[in-house]
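This report describes one protein chain in plain terms. Please look over the sequence and the model before reading on.

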Amino acid sequence: MPRGQKKYNDEFKNTIVELYNHGKSLAELSSEYGISKSTISGWLKKAKPINIDNKGTTITVAEYQAMLKKMARLEEENEILKKAMAIFAKE
C-alpha cells in the first residue's frame, strides 16, 4: 500500500455511501471526513445497484465483480476436474 494511504473498513464505506444517498454532497463528505472526492466516488460506483432481471432483483457492482471472479475460479476448477477424469479413465 502506498505511503500515506488509509485503509477504510466496509462499515465506514457503507456509512459514507448511505450519507451520500440521503442527500450529503461529495464536497460535504470530503471535507467532513477528510476523504478525497475520488475515493468516495469509487465507493459510490461499487455500491451502485444493477438490475439483473425483470422481477426487480438488484445487486451492486462489487457483488457482480465478486460473482464474476467466483465464476472464473469455478470454471478453472471444472477444467482441472475434467482433465483428472480423463487421466483416471485411461487407467
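The accessible surface of the chain comes to about 7800 Å², and 55% of that surface belongs to carbon and sulfur atoms. Accessible areas come from the Shrake-Rupley method with a 1.4 Å probe, and for residues only the protein chains shown count as cover.

The model is a predicted one, in which local features need pLDDT of at least 70 and side-chain atom pairs count only at pLDDT 80 or more, while totals for chains, interfaces and linings use all residues. Residues are numbered from 1 along each chain as its sequence is written, and side-chain values use heavy atoms, with hydrogens and water left out.

**Overall form**

The chain has four helices and two strands. Helices (H or I, at least four residues) and strands (E, at least two) are DSSP runs, numbered from the N terminus. In sequence order the pattern is α-α-α-β-β-α. The chain is more spread out than a compact globule, because its radius of gyration is 20 Å, well over the 12 Å that the globule rule gives for 91 residues. This radius is taken over C-alpha atoms, and the rule is 2.2 Å times the number of residues to the power 0.38. The C-alpha trace spans about 70 × 45 × 20 Å along its principal axes.

Of the 91 residues, 11% count as buried. Buried means under 20% relative accessible area, exposed means over 50%, and partly exposed lies in between (1.4 Å probe, protein chains only). Among contacts in the chain with a separation of 6 or more, 21% are between residues 24 or more positions apart. A contact means heavy atoms within 4.5 Å.

**Helices α1 and α3**

At what angle do the axes of helix α1 and helix α3 cross? Helix α1 (residues 10–21) and helix α3 (residues 37–47) have axes that come within 10 Å and cross at roughly 85°. That makes α1 roughly perpendicular to α3, a label for angles of 65 to 115 degrees. The axes are lines fitted to C-alpha atoms, for helices over the stretch in contact, and angles run from 0 to 180 degrees between N-to-C directions.

On the α1 side, the contact is made by F12, K13, I16, V17 and Y20. On the α3 side, I40, W43, L44 and A47 take part. By class, the contact has eight nonpolar, no polar and one charged residues. Ala, Val, Leu, Ile, Met, Phe, Trp, Tyr, Cys and Pro count as nonpolar, Asp, Glu, Lys and Arg as charged, and the others, Gly among them, as polar.

**Single residues**

S30 is found in helix α2 (residues 26–33). S30 is buried, with a relative accessible area of 17%. Leaving out residues up to four places away in sequence, S30 touches I35, S36, K37 and I40.

D10 is found in helix α1 and is exposed, with a relative accessible area of 53%. H22 is found in the loop between α1 and α2; H22 is exposed at 67%. K6 is found in the segment before α1 and is exposed at 57%.

| Pair | Apart in sequence | Apart in space |
|---|---|---|
| D10 and W43 | 33 residues | 9.7 Å |
| H22 and T57 | 35 residues | 22 Å |

Conventions. Parallel < 35°, antiparallel > 145°, perpendicular 65-115°, else oblique.
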